[in-house]
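Please take a look at the fold below.

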Amino acid sequence: MAVNRSKPSVQQMLGQKLMLDLRYYCAKPPASGQCRTAMTQLPPELAALIRDYDIGGVILFAENLSGIAQTIQLNRDLQAAAAGSALKLPLFIGIDQEGGRVARLPRSLATSFAGNMAIGATYAEHGTAFAATVGQVLADELLPLGINVNFAPTVDVNVNPQNPVINVRAFGENAQQVAELGAAMTAAMQQRGMIAALKHFPGHGDTEVDSHLGLPRVDHSAEQIRQVDLKPFADIIKQQAPGMIMTAHIQYPALDSSTFVSKDGETMLKPATLSAKILQGVLREELGYNGVIVTDALDMAGIAKFFSHTEAVVQTFAAGADIALMPVKLQHPGELSALAELLEALSAAVANGDISPTELAASYQRIVALKQQYPLLPQAVSNAEQLAQAEAVLGSKVHRAHELALAKAALTQVKPAQAAWPFTLSDSKKLLLIMPDQLKAQALASALQHYSQNAFEIDVISLQQTDLSRVAEQIATADLLISGFIAPMQSLADIGGMDDMTGIANIAAAYERQTQQYETLLPLISAQQKKHIFLSLRAPYDISRYGQYAGVVLASYAYNTAEDVTAISAGNATYEALAQALLQQYPLTGRLPVTVAGYND
């Protein structure tokens, strides 16, 4: 790695501490005030910002990634801009590719897997094997694209069934298991050359507020925090030296009860992202972490609601964070001057002592050390060679086989408790699928027809449809019903981030409608005493509510489909696994990794 050895200026060191979001960019200021043009090619003016201000990193979203060749070209252009800077340090190019509900690459192209709670469901039978496999495959598919930081694994311990934003993103509720699975995934990614970023420190597992939308608070005792929330971080720091750890915008009064005054004049407890006691005292001194601390996105309401963007960056750097993630909006030419203004304000904060010059230099050195430790640039020299390598590995047959193997190993028979089912699909000719939407119904129907020896007549009720005039007749004429539900509703983390705030209201309305439709249909099914299988397609806590209506209950912990919902071995692994399970073609060995009231409590 060619690095400029001359002593960097304060502003250059500060530039390395910024990780920019380039999700959207409009060549002209949008009339609506909101740019929603995906940035898939690097505009010269953004390249100039990276070059002129020695920017340290960028984060990519689904909108940036439309195909393999396009992604490679974008990342090569980003690194070329960084190579033209005075420091010549390559960029951290990061992504949220956790697997499951948080996956940014197109599912038809890349292997996305069923996610962490699915991995947790395999622990009883397979230990850490799937965590290691998933970590390896994620690294092997991201690195040829030019992506070198994965904001994963999520090692929050999901002890709260009402958690709106973590739930199936966690491996489970047992801190020891979460620690073991997180360590295996971290080791696998980093051994392949991918920087892992554990999240969300000191733990987002017992919250009922999404930090995208507000400021959560965890009132655990200091002892409980160390036994539960901190344990995965502590164990993985000792064993695997994770390259990065991401902070959480969460108040932990037992760790830091100091206060700040918000931009609206309200006195509040400091969240972890802005707390020196938590970042320096707990993470650095108590847990002995020497790597890079990166904030969660600073545009989230857990921070942005209470601080100006400049003040938030100053405060988090003063608290000990190394990298500010998404510190400033740069979505059209009219916003580009905000970066220079931020760097000037940060430089002034260093000059007046609000940010320690000594700590700034130490933070810069941690960033440089991490950049030197990992191969941030792809091995392939030419674009063509890189493209060939990426096309050979992304969504390969071997990787798709691992994807299906995880989906099948995770599938959990929650009811009946014994192996034998009270009825089987082979006794049925007419199936009625009641699914959250038409696409998921189509995915399951296609997989059933593909894997079945017998042809079924399959009828569908979508929980999004408004005309329910035929449902009583559809239920009456079916031999067997298979219903699936997704709970809780999608969060901003699923779909991207704070730029999706306008869309979340529509998602909430659709989810409310689906819930009402489903809860209207369930008594009709019971009244007709129909054979009924319930599929819990996301967090299995909803089995406590709906399991009573079905003779068979299965949990998949995942619901995502690929762009082509009928494709086999191309991103619809959850539905392939469900179809084979419904047809009883393999033994179900998954175990609930969380407590579901009335079933495993």
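L78 touches L22, L42, I50, V58, L60, L91 and I93, leaving aside residues up to four places away in sequence. Contact here means heavy atoms within 4.5 Å. A second, separate core of 37 residues includes L444, A577, L582 and L588. The largest nonpolar core has 147 residues, and L18, L78 and L346 touch the most other members. A nonpolar core is a set of buried Ala, Val, Leu, Ile, Met, Phe, Trp, Tyr and Cys residues joined through side-chain atoms within 4.5 Å. Buried means under 20% relative accessible area, exposed over 50%, and partly exposed in between, with a 1.4 Å probe and protein chains only.

This is a predicted model, in which local features need pLDDT of at least 70 and side-chain atom pairs count only at pLDDT 80 or more, while totals for chains, interfaces and linings use all residues. Residues are numbered from 1 along each chain as its sequence is written, and side-chain values use heavy atoms, with hydrogens and water left out.

## Strands

Helices (H or I, at least four residues) and strands (E, at least two) are DSSP runs, numbered from the N terminus. Two strands pair if DSSP finds at least two bridges between them.

Start with strand β2, residues 57–60. G57 and I59 point one way from β2, V58 and L60 point the other way, and all are buried. In a regular strand the side chains alternate between the two faces of the sheet. Strand β1 (residues 18–21) pairs with β2 in the parallel sense over 3 bridges. M19 stands opposite G57 in β2.

Which strand is largely enclosed by the rest of the structure? Strand β17 (residues 531–536) is, because 5 of its 6 residues are buried. Strand β16 (residues 480–485) runs parallel to β17, and 6 bridges join them. L481 has H532 in β17 as its bridge partner. Strand β18 (residues 552–555) also runs parallel to β17, joined by 4 bridges. There, L535 has L554 in β18 as its bridge partner.

## Two serines in loops

S262 lies in the loop between β9 (259–261) and β10 (267–269). Is S262 buried or exposed? S262 has a relative accessible area of 6%, so it counts as buried. S262 touches M268 and F306, not counting residues up to four places away in sequence.

S66 sits in the loop between β2 and α3 (68–83). S66 counts as exposed because its relative accessibility is 53%. The C-alpha atoms of S66 and A558 are separated by 23 Å, and the two residues are 492 apart along the chain.

## Pockets

Rolling a probe the size of a water molecule over the atoms shows where empty space is left. The search uses a 1 Å grid over the protein atoms alone: a cavity is a set of points where a 1.4 Å probe fits but cannot get out, and a pocket is an open set with protein on both sides within 12 Å along at least five of seven lines. Lining residues have an atom within 4 Å of a point. Grid points are joined across faces, edges and corners, and a volume is the space filled by probe spheres set on the points.

The largest pocket holds about 390 Å³ of space. Its lining has 16 residues, and A103, R107, Q490, D494 and N560 are the closest to its centre. That lining divides into 7 nonpolar, 3 polar and 6 charged residues. Ala, Val, Leu, Ile, Met, Phe, Trp, Tyr, Cys and Pro count as nonpolar, Asp, Glu, Lys and Arg as charged, and the others, Gly among them, as polar.

The second largest pocket has a volume of about 330 Å³. It is lined by 18 residues, with Q413, P416, A417, L588 and R591 nearest its centre. Strand β13 (residues 412–415) gives the most to this lining, with 3 residues.

Most residues other than glycine have a negative phi, and most peptide bonds are trans. The table lists some exceptions.

| Site | Backbone value |
|---|---|
| A152 to P153, cis peptide bond | omega about 0 degrees |
| F201 to P202, cis peptide bond | omega near 5 degrees |
| F113, positive phi | phi near 65 degrees |
| Q584, positive phi | phi near 55 degrees |

P153 is in the loop between β6 (149–150) and α7 (175–191). P202 is in the loop between β7 (195–201) and α8 (222–229). F113 falls in the loop between β5 (102–103) and α4 (116–121). F113 counts as buried, at 6% relative accessibility. Q584 belongs to the segment after α22 (573–582). Q584 is partly exposed, with a relative accessible area of 37%.
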